[in-house]
Amino acid sequence: MVYINDKVDSLNLDLALAQVSEQRREQALRFRFESGRRLCLAAYLLLMEGLQKEYGITEKPVFDYSEKGKPSIIGHPDIHFNFSHSGNIALCALSNQPVGADVETLRKITPSLIRFTMNDIEQTQINTSPNPTMQFLFYWTRKEALLKLTGDGIRNDIKDVLTDSDNYHIETVTSDQYVYSIANYL
């Protein structure tokens, strides 16, 4: 399941800080800017909402982290999740299997970013698309979701990340404000 808050700027920061675990409160307060705090809290609140709706879990989740930094919920190793946020949008993907997620708000994309992150085929499709920004974000969110699924994070070979994507299921959703992708193993 995918949970989205596309109005993070309206989140009541004090109320949100009171609703989350001590661990998440400390993480949120490490952000220098209020916008980062809001995104951190919004993503966690989405996880809490999903845990309650999907699994009947009402306690505040506490995380453990893998060597690569991927979080898991202590006491619930069979529940997988992934956070993403961009601009004013927070997303939480929740699953019974490993999951990766990425959301990106629509914004100006530079030609140098396209050249640096996309292979030749992807660049051609972006540059010939009626909506190059949307096409770029389609590829970018798929790459990010896949890398977050595997726990690899951004790599030097970002251009070729999708070349072996036949081993994964990646779903991409577009709106007039954002694009998101969710990746799972087949």
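These points go through the strands, helices and aromatic contacts of a predicted model.

1. Seven of its seven residues are buried, so β5 is largely enclosed by the rest of the structure. The burial applies to both faces: I89, L91, A93 and S95 lie on one side, while A90, C92 and L94 lie on the other. In a regular strand, side chains alternate between the two faces of the sheet.

2. The pairing of β5 involves two strands named here. Strand β1 (residues 2-5) runs antiparallel to β5 and is joined to it by four bridges; N5 has A90 as its bridge partner in β5. Strand β4 (residues 80-86) is also antiparallel to β5, with seven bridges between them, and here N82 is partnered by A93 of β5.

3. β4 and β5 form a hairpin with two residues between the strands. Within this hairpin, G87 adopts a positive phi near 60°.

4. An open sheet contains three strands in the order β6-β8-β7, paired antiparallel. Its edge strands, β6 (99-105) and β7 (168-174), each pair on one side only. From one strand to the next the twist averages 10°.

5. Seven bridges hold β6 in antiparallel pairing with β8 (residues 178-185). Helix α6 lies across β6, β7 and β8, and runs at about 35° to β8.

6. Helix α5 (residues 120-127) has E122, Q123 and I126 as buried residues. Viewed down the axis of α5, the buried residues fall within an arc of 100°, so they line one face of the helix. They pack against α4 (111-117) and α6 (132-150). On the other side of α5, D120 and I121 are exposed.

7. Leaving aside residues up to four places away in sequence, Q123 touches I114, R115, M118 and K159.

8. The model has nine aromatic pairs. In one of them, F81 and F83 are tilted, with 5.1 Å centre to centre and 55° between the planes. F81 is buried, with a relative accessible area of 2%, and F83 also counts as buried, at 13% relative accessibility. Y44, F63, Y65, F81 and F83 form one aromatic cluster.

9. Y168 and Y185 form another tilted aromatic pair, at 5.5 Å centre to centre and 40° between the planes. Because Y168 lies in strand β7 and Y185 in strand β8, the pair ties together parts that are 17 residues apart in sequence. Are these two tyrosines buried or partly exposed? Y168 counts as buried at 17% relative accessibility, whereas Y185 is partly exposed, with a relative accessible area of 32%.

Key: Residues numbered from 1 in each chain as written. Predicted model: local features only at pLDDT ≥ 70, side-chain atom pairs only at ≥ 80, totals over all residues. Heavy atoms only, no water. Buried < 20%, exposed > 50% of the residue type's maximum accessible area, 1.4 Å probe, protein only. Arc of directions from axis to C-beta. Contact = heavy atoms within 4.5 Å. Pairing = 2+ DSSP bridges. Axes fitted to C-alpha atoms, helices over the stretch in contact; angles between N-to-C directions. Phe/Tyr/Trp six-rings, centres within 6.5 Å; stacked < 30°, edge-to-face > 60°.
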